Structure formats: structure tokens, C-alpha cells
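This report is meant for someone meeting the structure for the first time. Please keep the sequence and the 3D view at hand while reading the sections below.

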Amino acid sequence: MIRAQHITKTFPGVRALDTVDFAVSGGQIHALIGENGAGKSTLMKILGGIYQPDSGEVYLDGQPVHFSGPLDALASGIAVIHQELNLMPDLTVAQNIFFGRELGRGYINDAQMSRRSAEILERLDVDIDPDALVGSLTVAAQQMVEIAKALSMNARVLIMDEPTAAISSHEVEKLFAVVRDFINPDRAVIYISHRLEEIQELCTDITVLRDGKHVATHPAAELTREDMISLMVGRAIDTSQRPESTPSDQLGLEVTGLSAGFVRDVSVQVYRGEIFGLAGLVGAGRTEFARAVAGADPKDSGDIKVNGQPVITDTPTQAVQAGIGYLSEDRKQYGLLLEQDVVDNVALPSLDMWSNVAGVIDDSSAETVADRYTDMLAIRTPSVFQKTRLLSGGNQQKVVLAKWMARDCEVLLFDEPTRGVDIGAKDEIYRLMEDLAARGKTLVVISSEIAELQRVCHRIGVMCHGHLTGILRNEEATQEKIMNLATRFDVVSNEEESGTRKNKSNA
């Protein structure tokens with residue numbers, strides 16, 4: 001159906017694609033995998049009409065095509081769900097879904113668009129009000145709106161770039177059912193994901209890119225998880241590890257009776273050197289909890305202590321000064337200054353540390369620190385003076401991680417820290433988390449990937465409908481138990497919490 005032949009694309013200082021060949025047939029769910037910066041998103045943006053190749057050809061149904069833009073590609077039946085959300089926060093869900101294709105004769109019929117949107121959202125089995133403003137939704141809900149938007153376009157080729165990066169396993173199952181229903185001999189899906197278990201479950205074929213070059217294409221049934229990792233990164237990675245360090249008996253973060261909008265009366269104790277996970281379905285309140293602790297959202301009530309000392313976190317500035325860093329789930333909107341370079345982004349939370357009494361910033365110190373963390377996190381960039389918008393999504397995520405490591409906060413709240421990050425980089429981030437915990441830092445990790453929480457966390461708290469419904473030690477935190485708590489609408493008792501603490505030494 002669609003074929004890219006000898007595609008080359010170069011950006012300033014980076015050859016993103018080097019004579020890449022890629023082809024997809026009708027009826028396929030064709031995975032495209034590779035490390036961050038391998039060229040996956042660039043290739044999809046070329047197929048979707050967003051970028052023009054420097055050389056090479058794109059063929060649709062055997063005929064060469066030259067897309068002048070995304071609307072041109074869409075008119076040819078190619079729709080893209082991007083890794084970075086492309087929604088307008090001040091428009092409703094329905095208005096976003098039908099933007100540029102508004103329904104109505106001579107006028108925009110909002111009621112009709114709302115009804116049609118409700119039908120599409122029902123197919124996805126998600127509870128989202130089509131008349132709600134997109135800006136009021138969580139990132140996970142916005143991701144489902146992006147998916148609904150693509151499904152509304154009646155595309156022949158549906159390109160999905162990390163569609164499950166911000167949604168839980170429950171929502172992933174719904175999405176897979178929709179994708180399988182979408183496929184027929186005249187339709188195809190190109191599926192990009194760093195979650196290799198999804199690739200094995202969903203996809204029919206797999207193409208691997210590495211450093212902008214085509215490495216291999218195989219039927220999915222022929223490749224094991226280890227085969228995929230080896231082709232992507234050229235080395236073996238142990239994905240079966242569990243946390244080995246033992247947290248101290250000193251409290252690093254104590255949150256008591258926190259209520260903030262949807263979140264009601266949540267109390268959590270996390271110890272220095274502990275990595276504490278937060279699991280739950282979309283809309284459970286995990287992000288809202290973290291934002292309230294970090295001062296990004298107002299609190300209705302509740303007390304917070306850092307290393308045993310009461311702190312005030314009514315604003316993000318107060319939270320940072322109290323030693324709390326927050327890595328947001330939406331790096332594009334809340335985590336980065338995309339038009340600034342890597343140095344400026346890494347330095348941003350720490351300007352007071354590198355300024356004199358007159359407020360003049362020591363640029364050389366900021367550059368030195370940025371260089372150090374760029375090397376430590378293996379951020380792929382021509383230099384630390386590269387604008388962050390020109391980096392791949394995974395490397396942008398590493399820049400966000402670098403800025404909080406540079407600040408040296410006592411408490412770190414990581415909201416989807418490996419979203420859009422390849423398996424090799426994930427392993428690096430997990431080891432960095434373990435190193436931070438070994439240095440006595442207190443970590444709270446929010447993730448939609450249960451396997452990720454099992455890999456790095458000493459204990460896992462589970463939220464449902466704004467409440468904390470249970471806390472599990474690592475060795476007892478099976479997927480079944482976590483999902484049971486994620487769908488349980490009663491609240492964890494003080495006895496349950498104290499019991500998990502008494503048994504912490506077994507973790």
C-alpha cells in the first residue's frame with residue numbers, strides 16, 4: 001500500500017535517515033522500532049506529509065506521491081497519531097476531533113460533531129465528555145482524544161507513534177481491539193512503540209531502524225523480545241531485575257490528608273532511599289496528587305514534610321526551594337522551553353545556585369553541568385547549544401531528567417519518566433533512579449507500565465478515583481493485585497499502610 005524507497009533526511013548536525021527503505025501491505029499491523037533518535041518519527045512525518053525528504057521516493061499503491069503537507073497526505077488516506085500531542089486546549093473534544101473537517105452546511109454544527117465524537121469515543125470505551133475543553137483533560141485522556149481524532153478520518157493507512165505512552169494497560173486493551181477491528185485487506189497500521197510486549201501481542205511484522213538506517217524487517221512471529229532488543233541496541237539488556245537496595249528508616253516525604261480537587265484525603269509515607277511507585281488507571285488521580293505536592297495545583301488541605309521538616313509548597317518555586325522536583329508527564333507543555341537550548345533547560349531550576357548577588361548567571365557553570373548530564377544520560381545532540389525542539393522525544397525526556405538531577409533535589413516526583421523512551425535508555429534511567437535512591441534521595445514514580453513499577457519500586461501504591469486504595473511490597477505486587485486495587489473504590493486503611501511498613505524490610 002505504501003512504500004518509502006532510499007529516504008534520506010538531514011537536520012542541522014544530524015542525519016536522521018540514511019537511504020531507508022520501508023514498505024507496508026494491506027492487512028498488516030507493521031511495527032517500527034528502534035532507539036531514540038533512530039529515525040522512526042522522522043520517517044513517519046515524511047509519510048504523513050509533515051517533512052519532505054532530501055532524497056528518495058514515497059509510493060502509494062505503486063505510484064510515486066509528493067505530499068505538500070499533512071492535509072495532502074490525509075486526502076490520500078494517511079492519518080497520523082503523533083507522539084507529541086497536537087490538540088488545542090481551548091477547544092472542546094469534539095471541535096478538536098473534527099478540526100479542519102467541521103460538520104454542517106454553511107455553518108458549524110457543534111451538536112452533530114458532539115454526537116459523532118461521542119460515538120467514536122464509545123468505540124474506544126472511554127468516558128470523555130465530547131463537550132469538555134481539551135485543556136481540562138489529563139494527558140492520558142488527551143491521548144485518547146488524539147486516537148479518536150485519527151479514527152474519525154476514515155484513513156486507509158493509520159500511523160500510530162507511541163499511542164499508549166500515557167495510557168494504562170486497561171486502556172491499551174481497548175485500543176488494541178479498535179486497531180484489530182480497523183484492519184482489513186485495504187487498510188494498514190504502522191505502529192511505533194517502545195513497549196516490546198505490545199509489539200509481540202499486536203503486530204504482524206516488525207521493521208527495525210538504528211542510527212537512521214534500516215537494520216531488518218521480519219514477521220513478528222520470528223522475533224523474540226531478546227531478538228528485538230539486540231537488533232535495536234546491539235547488546236543484551238536484563239529486563240528481569242528488581243530493586244536490591246534497602247531504604248533507610250528515616251522519612252524522606254510525608255504527605256498527610258492531602259486533598260486537591262479530585263484527590264481526596266491521601267496520606268503517603270516514603271522513606272529516604274526508597275523508590276515508591278504509584279499505579280492506577282487513567283483518571284485515578286496520580287498526576288493530580290503529584291502536581292499538588294509540587295505546588296503546581298492548589299491544595300484544599302493536607303500537610304507535607306521533607307526529611308521530617310514541615311514545608312510549604314503552595315507554588316512550584318516554594319516546592320523547589322523545599323527540595324521537591326517534579327518531572328511532569330507532559331514534557332512539551334510543562335517540562336521544557338522548546339525554543340531554548342539544552343544548557344538553558346538544564347539550568348532553569350538551578351539559576352539561583354549559579355547567580356551572584358546581582359542576579360548575573362555564571363554561564364560557564366551552567367554549560368559545564370549541562371555537558372556532564374548530557375554525557376551521563378547519553379543525550380543525543382550535536383551540542384548542548386542545540387534547541388530542544390530539534391531533539392527526539394526520548395532525548396527531550398532525558399533533558400527534563402537532567403535538569404532535576406542538576407538541581408540535586410531531596411524528593412523527586414517522576415510522572416511517566418520513560419514516556420517515549422527506548423528500552424536501552426529506559427535501562428539507563430532505571431539505573432540512575434537506583435543510584436539516586438542509593439544516595440539517600442526519595443523517589444515517587446508514576447507509571448502506566450506495571451512492569452516498570454515492578455522493576456524499580458520497593459513499594460507500589462495504587463490509586464482509584466482520587467483515593468489511595470492499597471500499598472503493596474514489590475514481591476507481592478502482581479499485575480492481578482494491582483489491577484484489583486486500581487478498580488477498588490474503597491480507601492486504604494491506616495492498618496494496611498502500617499502493615500506494609502512493618503514488612504518493608506522484606507522488600
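## Around F289

Leaving aside its neighbours within four places in sequence, F289 is in contact with V255, L258, V263, V266, V268, L278 and M463, where contact means heavy atoms within 4.5 Å. F289 itself belongs to helix α9, which covers residues 286-293; helices (H or I, at least four residues) and strands (E, at least two) are DSSP runs, numbered from the N terminus. With a relative accessibility of 5%, F289 counts as buried, a term that stands for under 20% relative accessible area, whereas exposed means over 50% and partly exposed lies in between (1.4 Å probe, protein chains only). The C-alpha atoms of F289 and R431, 142 residues apart along the chain, are separated by 25 Å.

This is a predicted model, in which local features need pLDDT of at least 70 and side-chain atom pairs count only at pLDDT 80 or more, while totals for chains, interfaces and linings use all residues. Residues are numbered from 1 along each chain as its sequence is written, and side-chain values use heavy atoms, with hydrogens and water left out.

## Two nonpolar cores

In soluble globular proteins, nonpolar side chains tend to be buried together. A nonpolar core is here a set of buried Ala, Val, Leu, Ile, Met, Phe, Trp, Tyr and Cys residues joined through side-chain atoms within 4.5 Å. The largest such core has 56 residues, and those with the most contacts inside it are I128, L158, V189, Y191 and I206. Helix α5, made of residues 139-151, gives the most to this core, with eight residues. Apart from it lies another core, of 50 residues, and F414, I429, V462 and A477 are among them.

What does L158 touch, leaving aside its neighbours within four places in sequence? The contacts of L158 are A79, I81, A150, L151, F182, A188, V189 and I190.

Beyond its neighbours within four places in sequence, S117 is in contact with A94, I97, F98 and P130. The C-alpha atoms of S117 and A148 are separated by 7.7 Å, although these residues stand 31 residues apart along the chain.

Helix α14 (residues 393-407) and helix α15 (residues 423-438) pack at an angle of about 15°, with their axes 12 Å apart; axes are lines fitted to C-alpha atoms, for helices over the stretch in contact, and angles run from 0 to 180 degrees between N-to-C directions. That angle makes α14 roughly parallel to α15, because angles under 35 degrees count as roughly parallel, over 145 as roughly antiparallel, 65 to 115 as roughly perpendicular and the rest as oblique. On the α14 side the contact is made by K398, L401 and M405, and on the α15 side by A425, E428, I429 and L432. By class, the contact of α14 with α15 has five nonpolar, no polar and two charged residues, where Ala, Val, Leu, Ile, Met, Phe, Trp, Tyr, Cys and Pro count as nonpolar, Asp, Glu, Lys and Arg as charged, and the others, Gly among them, as polar.

The axes of α13 and α14 come within 10 Å and cross at roughly 125°, which makes α13 oblique to α14. In this pair, V369, Y373 and M376 of α13 meet A402, M405 and A406 of α14, and the residues of the contact divide into six nonpolar, no polar and no charged.

## I361 and its loop

I361 is found in the loop between α12 (342-347) and α13 (363-376), and with a relative accessible area of 35% it is partly exposed. Leaving aside its neighbours within four places in sequence, I361 is in contact with L351, W354 and S355. The C-alpha atoms of I361 and L351, ten residues apart along the chain, are separated by 6.8 Å.

## Two histidines with positive phi

Most residues other than glycine have a negative phi, and most peptide bonds are trans. H6 has a positive phi of about 55° although it is not a glycine; H6 lies in strand β1, residues 2-11, and counts as partly exposed at 41% relative accessibility. H465 likewise has a positive phi of about 55°, but H465 is found in the loop between β19 (459-464) and β20 (467-473), and at 45% relative accessibility H465 counts as partly exposed.
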